Amino acid sequence: MCLRRNQTGETELNETEKTGKNCYESDDESCYTPHFSAEVDLIAIFVAFLIVVLNTMVFILVAKKRSLRTTTNNFLIGLAASDLLEGLIGLPLVITCNIFMEHGVCFSTIYVWMFTSFLTMSHIMAVTADRFIAIMFALRYPQIITKRRCYITLGFVWTFLIPVVTASVMVDTAYRLRSRREYS
């Protein structure tokens, strides 16, 4: 099967199908055959599997061991959740984009990665702030960092990033549409 990209970025059957030539024999630069690249895609599949297994183990350990249920570990659980999201959604989207080169999948991959990257950075900042307070205000740490404040911070991190990424998607989409109109 030989596919070709049209002007909107969607794939359609190429004329080379009628002539009997494949994409590699064709001079058509827009011709694309979906394929699986073992060097790239197998590594990504292995990394996604590893991310899912290891972060699931973190959840299981915290659920089974009561001594691991501390406020600092709550921030680390949030970090594990964002990494798990990357392993379950982000990397499979990248693999799908590499194989099929569909405009919608590749476009959504960018924003899923943006969301999970911001989420990971936010959790790392929360852990850093927690450790800073634990060092600088060691005697008052239990009064400053409570479970309630920890949950509020984690809730803020997760809910704040959804509008931020949505706004960036809207701005980027508007910019792309304006650029297309200027070049048309």
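Select Glu86 first. A kink of about 35° in helix 3 is centred there. The bend at a residue is the angle between axes fitted to the seven residues ending there and the seven starting there. This is a predicted model, where local features need pLDDT of at least 70, side-chain atom pairs count only at pLDDT 80 or more, and totals for chains, interfaces and linings use all residues. Residues are numbered from 1 along each chain as its sequence is written, and side-chain values use heavy atoms, without hydrogens and water.

Now show all of helix 3, residues 71-100. Helices are DSSP runs (H or I, at least four residues; strands are E, at least two), numbered from the N terminus. Step just past helix 3 to Met101, which has a positive phi of about 55°.

Axes are lines fitted to C-alpha atoms, for helices over the stretch in contact, with angles from 0 to 180 degrees between N-to-C directions.

Next, select residues 42-63. This span is 100% helix and 0% strand, with end C-alpha atoms 32 Å apart. Then pick residues 151-171. Here too the chain is 100% helix and 0% strand, and the end C-alpha atoms lie 31 Å apart. The unreviewed UniProt entry annotates residues 42-63, 75-101, 113-139 and 151-171 as "transmembrane region"; such annotations may be inferred rather than shown by experiment.
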